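Colleague: I would like to learn how to read this model, feature by feature. Can we go through it together?

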Amino acid sequence: MQKIAHFYKVTEQQFIKDWCAMTGCNATDAQTVYQSIRLPRRATAGSAGYDFFSPVAFSLVPNETILIPTGIRVLIEDGWVLQLYPRSGLGFKYRLQMDNTVGIIDSDYFTAKNEGHIFIKMTNCNRDGRTLHIAAGEGFAQGIFLPFGITEDDDADGVREGGLGSTSDK
C-alpha cells in the first residue's frame, strides 16, 4: 500500500464560518464543535475506507437530508482521488445515500478558497419509516483513495479556486 495522503482539520476560523453559515449557530457553539472533530481513520489494517466521524449528533427521518461541514481537509498526491460513500452498514440498513451518489475530492481541492473543507450531504432513503440516529463522534461516511489516469492528449491547465461545482464552467 502506498501512503499518498494526509488528513488535516481546516482552521478554526474556516470551520466557524462554514458551520455557522450551515446551522445559524454562534461562534462559541461552533468552537465547541470544532474541538471535538476527529480526523478520519481506518478501523482495521485491512479496511479500505477511512471513516468520517460526525462532529455532532443528528437524526434523519426517511427522505430527510443533512449537509455536514466535516471540518476535514485532505492533502492528496497528484494522480489520486478521494471518493466518499456512506458507511456500508448505514447504506444497507437505512439506504443512506450521498446526494451526489459518490463524493469526489480532487487533489487540487486542498488549496481551494475554503481550505478544501469537505462537506458531506446525505439523505435517509429508507422505505420502512425508520429514523437514522448518529451520535457525535460516530462514523457515518467513508472515504477511499483511488488512483486515476488521464488521456494522452489531455491539456487541462485550469486552476481551482472554489469548491463544489467550481470546475464545471472551465
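Colleague: In what order do the 4 strands of the open sheet stand, and is the pairing parallel or antiparallel?

Modeller: Some ground rules come before the answer. This is a predicted model, where local features need pLDDT of at least 70 and side-chain atom pairs count only at pLDDT 80 or more, while totals for chains, interfaces and linings use all residues. Residues are numbered from 1 along each chain as its sequence is written, and side-chain values use heavy atoms, with hydrogens and water left out. Helices (H or I, at least four residues) and strands (E, at least two) are DSSP runs, numbered from the N terminus. Two strands pair if DSSP finds at least two bridges between them. Here the order is E2-E11-E6-E8, and the pairing is antiparallel. Strand E2 (50-53) and strand E8 (103-105) are the edges; each has a single partner strand, so one side of each lacks a neighbour in the sheet. The twist from one strand to the next averages 30°.

Colleague: How many bridges join E2 to E11?

Modeller: There are 4, and E11 covers residues 139-147. Tyrosine 50 faces glycine 143 in E11.

Colleague: Which order does the open sheet of 3 strands have?

Modeller: That order is E4-E9-E7, again with antiparallel pairing. Strand E4 (65-69) and strand E7 (96-98) are its edges, each with a single partner strand, so one side of each has no neighbour in the sheet. E4 pairs with strand E9 (residues 119-124) over 5 bridges. In E9, methionine 122 is the bridge partner of isoleucine 66.

Colleague: Which residues of H1 are buried?

Modeller: Buried means under 20% relative accessible area, exposed over 50%, and partly exposed in between (1.4 Å probe, protein chains only). An α-helix has 3.6 residues a turn, so residues three or four places apart point the same way. In H1 the buried residues are Gln14, Phe15, Ile16, Asp18, Trp19 and Cys20. They pack against helix H2 (27-35), E4 and E9.

Colleague: How many residues does the largest nonpolar core have?

Modeller: Such a core is a set of buried Ala, Val, Leu, Ile, Met, Phe, Trp, Tyr and Cys residues joined through side-chain atoms within 4.5 Å. The largest has 37 residues, and Phe52, Leu82, Ile118, Ile120 and Phe140 have the most contacts inside it. H1 gives the most to this core, with 4 residues.

Colleague: Which side chains meet in a salt bridge?

Modeller: Side chains of opposite charge can pair when their charged atoms come close. The rule asks for a side-chain nitrogen of Lys or Arg within 4 Å of a carboxyl oxygen of Asp or Glu. The count is 1. Aspartate 51 and arginine 87 form the pair, at 3.4 Å, N to O. Aspartate 51 is in strand E2 and arginine 87 in the loop between strand E6 (80-86) and helix H3 (88-94), so the pair ties together parts 36 residues apart in sequence. Aspartate 51 is buried at 9% relative accessible area, whereas arginine 87 is partly exposed at 32%.

Colleague: What is glycine 139 in contact with, leaving aside neighbours within four places in sequence?

Modeller: Contact means heavy atoms within 4.5 Å. Glycine 139 touches Phe52, Phe53, Arg87, Leu90 and Ile134 on that basis. Glycine 139 sits in strand E11 and is buried, at 6% relative accessible area.

How values were computed
Axes fitted to C-alpha atoms, helices over the stretch in contact; angles between N-to-C directions.
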